[in-house]
Amino acid sequence: MKIIIVGCGKVGYTLADTLSGENHDVTVIDNNQEKLDRLANELDVAAVAGNGASYRVLQEAGVEDCEVLIAATSQDEVNMLCCLIARKAGRCRTIARVRDPNYYSEIGFIQEELGLSLAINPELNAAMACYQLVRAPFAMAMDTFANGKVEMITFDLPDNSPWIGKSLMEITQSSRNPLLIAIVTRRHKAIIPNGSTVIERGDRLSLMLDAQYLRATLESIGVRVRPIRTVVIAGGGNVGYYLAKRLCETTRLKITIIEPNRARCDTLNDLLPKVNVIYGDPCSESLLMEEGIDEADAFCSLLGTDSENIMLSMFVSKVSNAKVITRINKMSMSGVINELPLGAIVSPKALTAEHILRYVRAMGNSAGSSSMEAVYRLASDQVEAISFTVESASAATGRRLMDLHTRSGILVCAVIREGKITIPSGQDMILPGDQVVIVTTRRGICDVTDILSRGAGGGSSAHRQR
């Protein structure tokens, strides 16, 4: 698929890297020649220097043959203009990055009038991810499928957990509630497990289960579920604003924002009258202690620079038992970042890439037997969790999972049929109309039939934990 990306910042680079890695024909437009030269040297993409809102520049990039244009510059107005011109010039589908809360509050009107196929707000997506983590203080990551009916919870196994030393088959057979361990991350390497996989001390687990059994399951394995009453947010930018607004709308938590810009503090006071907005340096140790960071239940480090967020989270992890959430914009050094006490990590650009990746894959599979509903990058991008709605019969339907010849590195985690959730065993099967959730270490999975190997042999890994 031919894709044009306008903007070579953090989001644009991530999208170019992700989409070119899935064998799409990617062209990137940017005014900064130095950024384009670096991009062209590091990735298999074409580069065009110029203004992405220029008809001439878009023509040079091949807009007339383009199937998707993604406008991801730092300016909302430029992004929307790029998409409008591209729609007129090439009839392609358009995706715009729209960050300003004022624009996003009217996004339905804007999307319809400009003919946008998709509007993405990275800061809002990041805030919603932080919101889920505040509501689930035990989780390092939390992803939902099938309109929230099924959850995948990632957490660090406590050192005293009764699961340590047991195989997955033993765990699932002894569990009162249906569950499936989808991913085991051990020494920063992600494993798609089977029934013989033995849980070790220090493992990070991604658990798939019916949402109604979540609390009881976590308590049974020694995961402490502590209530959140107070939240401190470092940084009152768009992410901090969206997060505080959502928390005010849905909870009665005590929320404090520490913001270093006086004018922004005044704006936040007007927008968020229920929030305690503090003017000051969020990186000031004395200010943090004065605001009771050592007694806070949750701390979100949402400043604009990674270095400040990292230092803040490390400090709070040392002086407090708070649930720590850290915003990281650049994940290129994830091996180092994962070694640091930063709590749960949220990356706006990675979340944006997930949304756009889902859309592009769905476009490429318009003639398939299933439609993609969600895709999440997990375990430092080593694994994808994907949900599909099965729309028609195929080679993957109507047969027991144990009889399917699935590719390695794929696990069928959940089947939702008529609202009923099944954590599948080898005796279960996929039928048209089902929603199916898989995890995989493979890239480019677009349809439920992609789980099948072309050769014979082997059974589905879906049943091996039972």
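Which helices and strands each supply at least two residues of the lining of the second largest pocket? In this predicted model, the elements that do so are helix α1 (10-20), strand β2 (25-30) and the helices α7, α10 and α15 (348-364). Among these contributors, α10 gives the most to the lining, with three residues.

The pocket itself holds about 660 Å³ of space. Its lining is made up of 37 residues, of which T73, S74, Q75, R97 and R99 are the closest to the centre. By residue class, the lining of this second largest pocket divides into 12 nonpolar, 16 polar and nine charged residues.

Two of the elements that supply the lining, α7 and α10, also pack against each other, and this pairing deserves a look of its own. Two packed helices are described by the angle between their axes and the distance between the axes. Helix α7 covers residues 122-135 and helix α10 covers residues 238-250, and the two meet at an angle of about 45°, with their axes 8 Å apart. Because of that angle, α7 is oblique to α10, and the crossing of the two helices is right-handed.

On the α7 side, the contact is made by E123, L124, A126, A127, M128, C130, Y131, V134 and R135, while α10 brings N238, V239, Y242, L243, R246, L247 and T250 to it. The residues of this contact between α7 and α10 divide into 11 nonpolar, two polar and three charged, whereas the lining of the second largest pocket, to which both helices contribute, has 12 nonpolar, 16 polar and nine charged residues.

Methods
Residues numbered from 1 in each chain as written. Predicted model: local features only at pLDDT ≥ 70, side-chain atom pairs only at ≥ 80, totals over all residues. Heavy atoms only, no water. Axes fitted to C-alpha atoms, helices over the stretch in contact; angles between N-to-C directions. Helix = DSSP H or I, 4+ residues; strand = E, 2+ residues; numbered from the N terminus. Parallel < 35°, antiparallel > 145°, perpendicular 65-115°, else oblique. Left-handed = near helix turned anticlockwise from the far one by under 90°. Contact = heavy atoms within 4.5 Å. Nonpolar A, V, L, I, M, F, W, Y, C, P; charged D, E, K, R; others polar. 1 Å grid on protein atoms, 1.4 Å probe; cavity = no way out; pocket = protein on both sides within 12 Å on 5 of 7 lines; lining within 4 Å. Points joined across faces, edges and corners; volume = space filled by probe spheres on them.
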